[in-house]
Amino acid sequence: MMSFEQTKCKTITPRADILIESMRDIGYSLQTAIADIIDNSITAGSSRIELLVNTHSDKPAIGIIDDGTGMSEEELLAAMRLGSKNPLDGRSKDDLGRFGLGLKTASFSQCRHLTVLTRRDGRTSGAIWDLDRVACNNDWLVEMVSSAERIPWADKLGESGTLVVWQKLDRLVGGENEGAVQNSIRQIAETATHIELVFHRFLAGKAGVKKIQILLNNRNLEPFDPFHSWHPATILRAEEVFHLGNQEIRIQSVTLPHHGKISSEEWNRYAGPEGYVRNQGFYVYRGKRLIIHGTWFNLAKQTELTKLARVRIDIPNDMDSNWKIDLKKSSARPPAPVRDRLRKIIAEIGATSKRVYTSKGTRLIESNRLPVWRRFQDKNLISYGLDPEHPAFTSFSERLPEDQRKEFGKLLELASSTLPIDSLFSDVSSNPESVYAKTMDDETFAAIVRSTCLKLRTVDQTFEEIETMMSSAEPFQSQWQIASQILKDIQQKEVNDG
């Protein structure tokens, strides 16, 4: 134990009224505050956790109740103490706590009246922090509960477990006007979404994680896997184990499916409220619980071409100091050796994500033998233009008088030079699933199929070769059933005429 010289010392006790008000502004949101309480329930071995919200009554309240091990009165008082655990002490690998402050700081950030009612071995204990009492007396006074009759939802507490109740919700329920009501409804909905993401492994009960049921006002919350792991178009790389000292960090890179391979509903759901660009990056899990997501840790920029890239990182709960995990468990910074490895991973997964978005275009350029549009590259400059050698264009041009052929060529150049690149980029970046190629009417489509086929026949292409070319090119590929029948009719007519 460290020793100090015997010098004159004075005890300076912090003013309770000032310090406890300051603790309310550490930076919790409703979502992160409730998640912190759920952490305690999971650590207590709960299988069922209920969020009970009543914000529209004369006495609004929020309750979090679990069926965990509960606490004795001595343990309850320790839990109500500010700084009940040393973050440097060893802890169980399943302990989601950190500083021993979460219950208090999370609760104070949202309410002025915190009640904890707990039961173990048939014995019920309760304690209350009331910030108005603390401020009035300027002392750290905790009220012991003598009767649970007036505590909301106390009757729902089972043989063992803990009930946390927030009252005097001055931060959430700030008024009775319509705007305040809508704000509370919105925050509750965002909290449900946050929980479904942060605790998705516990809600799913997979990969060696105990399954936990979490309900919001009797509605089951469903796990939201941000990696869309079950979808066959998701690219999952092999998990990598990175060793830092005697600790293991597990890393897996993922590329989400292109929007053309999933439904629009799935595409919007996995984009999240902030969109794919903001949600790309590292997803760090501490003890299987998501603590931070949608960041490259300043190792790369969030770009449109890497928006499908996500990387799962699993760290144990005894690496908090290495990763600089904050009190709210909502920010982290990887240690230097890990950052070096993550830089390389960014380059690898970024290339894959880019290929998902460019591969379709590449196939049209390299494999499509009948491109209406051609891609031209001169060093670092890329341009697109209509292909004047396309059979549909040449077939039409050859039927024109000589002077009009030149004018037709100029029209093709005009169309090519006015490609709305900025508008296309903006639309595809912001809402790619809504951008589509305009379809032509049946009569026009049939005429294009016939003229293209007949032109190719004049240069001695067989029907088999024509089918190969046209079936891999637009606009024929997307309506191949119709185009194929027209080709068969042309072939049959040629046989009959022959």
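Lys-261 is exposed, with a relative accessible area of 54%. The cut-off for that label is over 50%, so Lys-261 qualifies as exposed. The model is predicted.

Where does Lys-261 sit? Lys-261 lies in the loop that runs between strand 11 (247-255) and helix 8 (264-271). Apart from neighbours within four places in sequence, Lys-261 is in contact with His-231 and Ala-233. The Ala-233 contact spans a stretch of chain. Lys-261 and Ala-233 are 28 residues apart in sequence, yet their C-alpha atoms are 6.9 Å apart in space.

The whole chain gives the setting. The protein chain has 498 residues, of which 44% count as buried. Its secondary structure comes to 17 helices and 16 strands. Take the contacts between residues at least 6 apart in sequence: 66% of them join residues at least 24 apart.

Strand 6 (residues 161-167) is mostly covered, with seven of its seven residues buried. Which residues line each side of strand 6? Gly-161, Leu-163, Val-165 and Gln-167 are on one side. Thr-162, Val-164 and Trp-166 are on the other. Both faces are covered, and these residues are all buried.

The table sets out both pairings.

| Partner strand | Sense | Bridges to strand 6 | A bridge pair |
|---|---|---|---|
| Strand 2 (residues 61-66) | antiparallel | six bridges | Ile-65 with Leu-163 |
| Strand 3 (residues 113-120) | antiparallel | seven bridges | Leu-114 with Trp-166 |

Now the helices. Two packed helices are described by the angle between their axes and the distance between the axes. Helix 15 (residues 442-458) packs against helix 17 (residues 480-497) at an angle of about 50°, with the axes 10 Å apart. That angle makes helix 15 oblique to helix 17. The crossing of the two helices is right-handed.

Which residues make the contact? Helix 15 supplies Phe-445, Ala-446, Val-449, Arg-450, Cys-453, Leu-454 and Arg-457. Helix 17 supplies Ile-482, Ala-483, Ile-486, Leu-487, Ile-490 and Glu-494. How many residues of each class does the contact of helix 15 with helix 17 have? There are ten nonpolar residues, no polar ones and three charged ones.

Note on methods. Residues are numbered from 1 along each chain as its sequence is written. This is a predicted model: local features need pLDDT of at least 70, side-chain atom pairs count only at pLDDT 80 or more; totals for chains, interfaces and linings use all residues. Side-chain values use heavy atoms; hydrogens and water are left out. Axes are lines fitted to C-alpha atoms, for helices over the stretch in contact, and angles run from 0 to 180 degrees between N-to-C directions. Helices (H or I, at least four residues) and strands (E, at least two) are DSSP runs, numbered from the N terminus. Angles under 35 degrees count as roughly parallel, over 145 as roughly antiparallel, 65 to 115 as roughly perpendicular and the rest as oblique. A crossing is left-handed if the near helix is turned anticlockwise from the far one by less than a right angle, and right-handed if clockwise. Contact means heavy atoms within 4.5 Å. Ala, Val, Leu, Ile, Met, Phe, Trp, Tyr, Cys and Pro count as nonpolar, Asp, Glu, Lys and Arg as charged, and the others, Gly among them, as polar. Buried means under 20% relative accessible area, exposed over 50%, partly exposed in between (1.4 Å probe, protein chains only). Two strands pair if DSSP finds at least two bridges between them.
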